[in-house]
Amino acid sequence: MSFSMEERGRDNTADYRLYFRNAEGKYISPFHDIPIYADEAENIFHAVVEVPRWTNAKMEIATKDPLNPLKQDVKKGNLRYVSNVFPHKGYIWNYGAIPQTWEDPGHRDEDTGCCGDNDPIDICDIGNKVCSRGEVIRVKVLGTLALIDEGETDWKVIVINLEDPEAEDFNDIEDVRRLKPGFLEATLDWFRMYKVPDGKPENQFAFNGEFKNRDFAIKTIKDTHSFWKALISKKTDAGELNCMNTCVSDSPFCCSAGEAQAVVDSVSVFCLAHRIIIHEKVFWCESGEKSAQIKQRLNSSKQICVWILM
């Protein structure tokens with residue numbers, strides 16, 4: 001299963017958006033349309049990388065926008081950048097989320113005593129590869145940490161990219177402790193301190209900051225998947241969340257490919273020029289050209305395009 005991305009707007013601005021397409025070239029929601037499982041029998045999950053390792057821009061799935069593109073978080077009118085927490089640079093893992101999950105703000109977790117944070121469940125990929133923004137990877141679950149963020153449950157699932165050359169050596173949280181000594185302690189410290197430079201208090205954790213094992217983590221993921229099923233089928237109140245999707249056929253929020261195309265076409269391209277990479281060939285296009293115009297001009301309507309805005 002393959003996916004491609006299309007950028008709109010200028011990077012490092014509030015207008016930037018990263019949209020997703022499936023292998024057929026149809027626009028999709030990374031929140032709702034990418035399957036949770038890469039291999040259900042083996043408990044291998046898909047994950048969407050929002051923030052590549054060592055970077056600082058707080059990118060996230062825009063849960064309230066149609067088709068839920070990636071965008072940079074904004075607080076008090078300012079773009080969010082995570083401060084460097086000594087001795088670390090930016091995020092210390094590839095950080096992202098598992099699609100088709102939802103931490104229900106109306107559900108009080110019996111273990112943490114707090115309700116969900118209204119987002120897909122987060123992942124920290126400890127593999128060696130520095131992934132790209134928007135990259136969809138297959139991951140093996142190793143454990144989880146229960147962060148309490150401003151009174152809300154915010155699970156941080158520890159995973160490893162299945163393509164990592166060391167992935168077969170990691171099967172549970174104790175393998176991380178044994179093979180990457182100090183890494184779990186660094187992760188706990190990072191989540192405790194990362195908001196302190198912004199004037200906020202240290203974050204707190206359930207279970208006294210203890211990492212729970214693989215089985216606990218998988219159960220937690222499956223619970224959030226069941227909450228998402230209720231959300232996407234309109235059996236629970238979505239609130240401000242946007243559930244527009246193109247692939248969940250039994251969802252009342254499912255839309256046509258044309259409707260999805262119209263959403264993306266309505267987003268302006270803020271740049272003097274941009275380029276499209278198609279099979280490693282670079283094409284320069286005029287500012288303001290729509291995707292349909294470019295496809296017609298390049299006669300490449302059957303090819304999947306990755307857009308990079310300059």
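Okay, let's start with two residues: tryptophan 190 and tyrosine 194 are both buried, where buried means under 20% relative accessible area, exposed over 50% and partly exposed in between, with a 1.4 Å probe and protein chains only. Before I go on, this is a predicted model, with local features needing pLDDT of at least 70, side-chain atom pairs counting only at pLDDT 80 or more, and totals for chains, interfaces and linings using all residues. Residues are numbered from 1 along each chain as its sequence is written, and side-chain values use heavy atoms, with hydrogens and water left out.

So, the rings. Tryptophan 190 and tyrosine 194 make a stacked aromatic pair, 4.8 Å centre to centre with 10° between the planes. The rule here: rings of Phe, Tyr and Trp (its six-membered ring) pair if their centres lie within 6.5 Å, and planes under 30 degrees apart count as stacked, over 60 as edge-to-face and the rest as tilted. That gives 14 aromatic pairs. Take tryptophan 93 and phenylalanine 191: the centres are 4.9 Å apart and the planes at 15°, so that pair is stacked. This one links distant parts of the chain, with tryptophan 93 in the loop between strand S9 (78–79) and strand S10 (94–97), and phenylalanine 191 in helix H2, 98 residues apart. Helices (H or I, at least four residues) and strands (E, at least two) are DSSP runs, numbered from the N terminus. Tryptophan 93 and phenylalanine 191 are both buried. Ring pairs also tie Tyr91, Trp93, Tyr95, Trp190, Phe191 and Tyr194 into a cluster.

Now, which residues have the most contacts inside the largest nonpolar core? They're Trp93, Ile126, Trp190, Phe191 and Leu231, in a core of 50 residues. Helix H2, residues 183–193, gives the most to that core, with 6 residues. By nonpolar core I mean buried Ala, Val, Leu, Ile, Met, Phe, Trp, Tyr and Cys residues joined through side-chain atoms within 4.5 Å. There's a second, separate core of 22 residues, including Ala47, Val141, Trp155 and Ala217.

Back to isoleucine 126. Leaving aside neighbours within four places in sequence, its contacts (heavy atoms within 4.5 Å) include Arg53, Trp93, Lys180 and Phe183. Two of those names come up again with charges over rings, meaning NZ of Lys or CZ of Arg within 6 Å of the ring centre and within 35 degrees of the ring normal. The charged end of lysine 180 sits over the ring of phenylalanine 183, 5.9 Å from its centre, and arginine 53 lies over the face of tryptophan 54, at 5.7 Å from the ring centre.
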